[in-house]
Amino acid sequence: MLTDLHIAVFGGDARQLEVIRKLTELDATLTLIGYDQLDHGFTGASKMDIDEVDFSKLDSIILPVSGTGLKGEIDTIFSNRKMILTEEHLKKTKSHCHVYSGISNSYLNEIALNSNRKLTKLFERDDVAIYNSIPTVEGTIMMVIQHTDITIHQSNTVVLGFGRVGMSVARIFQALGARVKVGARKSEHMARITEMGMIPFHLDNLKNEVYETDVCINTIPTQIVNADVISKFPSHTLIVDLASKPGGTDFRYAEKRGIKALLAPGLPGIVAPKTAGKIVANVLSQLLINEFYKREG
Ligand code: NAP
């Protein structure tokens with residue numbers, strides 16, 4: 001339980017509601033900032049504007065998945081009021097106050113560092129990334145079905161990258177009957193891809209491996225699907241780029257060649273916001289419980 005722990009939850013989207021629900025169940029004292037347009041009330045949680053918050057009482061701050069903007073602004077779909085998180089806010093919190101965010105940027109890293117407050121980026125954790133790969137794959141399947149006129153079954157599917165998302169994508173497309181080739185660069189990845197019954201190839205050889213591709217799914221966050229590679233795809237190839245913005249595809253060249261290329265960020269929050277929220281809520285609540293018991297002995 002998180003009784004006596006005072007947590008401020010800032011803004012966000014539907015995923016944050018699952019976090020609030022979970023922390024309410026665990027009996028934390030919650031201050032919700034950026035929720036004035038949310039009709040639903042949570043027992044024991046009070047809604048406030050950022051300038052009404054007593055930061056000196058806070059044990060933890062939970063930011064939305066997106067963290068803050070480069071000037072400290074926090075997005076919320078539950079309010080039109082502007083919220084800016086500053087270094088001064090963090091400095092006022094209890095010295096053990098821990099900031100949790102999905103991702104971070106230079107602004108957030110800097111204010112956490114300057115105020116000597118711990119910052120955890122939940123989306124960098126393997127557990128969150130692996131759980132999140134499940135709704136990501138489901139969203140990818142949805143996009144491929146919507147944008148092709150063939151079945152995934154027996155399609156020639158090329159997956160680029162064999163990390164937390166790439167491995168799930170490859171495995172599930174294979175289970176749907178696709179002929180899956182996976183591009184990677186580590187020998188242990190080649191071995192694992194082979195063991196899983198798929199065809200591995202080295203990314204250095206990418207442009208020679210894509211001649212028969214129906215669907216290419218990229219998970220590598222660097223420009224790997226470049227003009228040279230795109231020029232080798234058949235004209236009907238669909239590229240679904242899952243890598244974080246700006247993706248790993250030369251979209252300008254793909255358009256010029258008439259190849260459909262889609263950047264598909266944030267699929268978990270789109271196709272399964274409740275599950276995506278629960279993934280964050282479950283991991284976060286466990287971290288808070290561990291921290292609480294460690295501090296209280
Ligand atoms: P990850 O576990 O770090 O995997 C990244 C993969 O890319 C690894 O196979 C890595 O290879 C490879 N890679 C990285 N840089 C490379 C380079 N310069 N050349 C060749 N290969 C390179 O990351 P992840 O969790 O799978 O996430 C992949 C991307 O998807 C990220 O950008 C993430 O933000 C994004 N994502 C998108 C969604 C969505 O909804 N679209 C959802 C979740 C995640 P090595 O192992 O050899 O380094």
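1. Basis. The model is predicted, so local features need pLDDT of at least 70 and side-chain atom pairs count only at pLDDT 80 or more, while totals for chains, interfaces and linings use all residues. Residues are numbered from 1 along each chain as its sequence is written, and side-chain values use heavy atoms, with hydrogens and water left out.

2. The largest pocket. Its volume is about 1500 Å³. A pocket here is an open set of points on a 1 Å grid over the protein atoms alone, where a 1.4 Å probe fits, with protein on both sides within 12 Å along at least five of seven lines; lining residues have an atom within 4 Å of a point. The volume is the space filled by probe spheres set on the points, which are joined across faces, edges and corners. There are 44 lining residues, and F123, V165, L242, A243 and S244 lie nearest the centre.

3. Who lines the pocket. At least two lining residues come from each of α4, α5 (164-175), β8 (179-184) and α9 (267-271). Helix α9 gives the largest share, four residues. Helices (H or I, at least four residues) and strands (E, at least two) are DSSP runs, numbered from the N terminus. By class, the lining has 20 nonpolar, 15 polar and nine charged residues. Ala, Val, Leu, Ile, Met, Phe, Trp, Tyr, Cys and Pro count as nonpolar, Asp, Glu, Lys and Arg as charged, and the others, Gly among them, as polar.

4. The cavity. One cavity reaches 30 Å³ or more; in a cavity the probe fits but cannot get out. The largest cavity has a volume of about 40 Å³. Its lining includes Q16, P64, S101, L122 and V280, and divides into six nonpolar, three polar and no charged residues.

5. Helices α4 and α10. The axes of α4 (residues 126-147) and α10 (residues 273-296) come within 10 Å and cross at roughly 165°. Axes are lines fitted to C-alpha atoms over the stretch in contact, and angles run from 0 to 180 degrees between N-to-C directions. The two helices are therefore roughly antiparallel, a term for angles over 145 degrees. In contact (heavy atoms within 4.5 Å), D127, V128, Y131, N132 and P135 of α4 meet A276, I279 and V283 of α10. These comprise six nonpolar, one polar and one charged residues.

6. Backbone details. The peptide bond from K245 to P246 is cis, with omega near 5°; P246 sits in the loop between β11 (238-241) and α8 (251-257). D27 is not a glycine, yet has a positive phi of about 75°. D27 lies in the loop between α1 (14-25) and β2 (29-33).

Terms used. Parallel < 35°, antiparallel > 145°, perpendicular 65-115°, else oblique.
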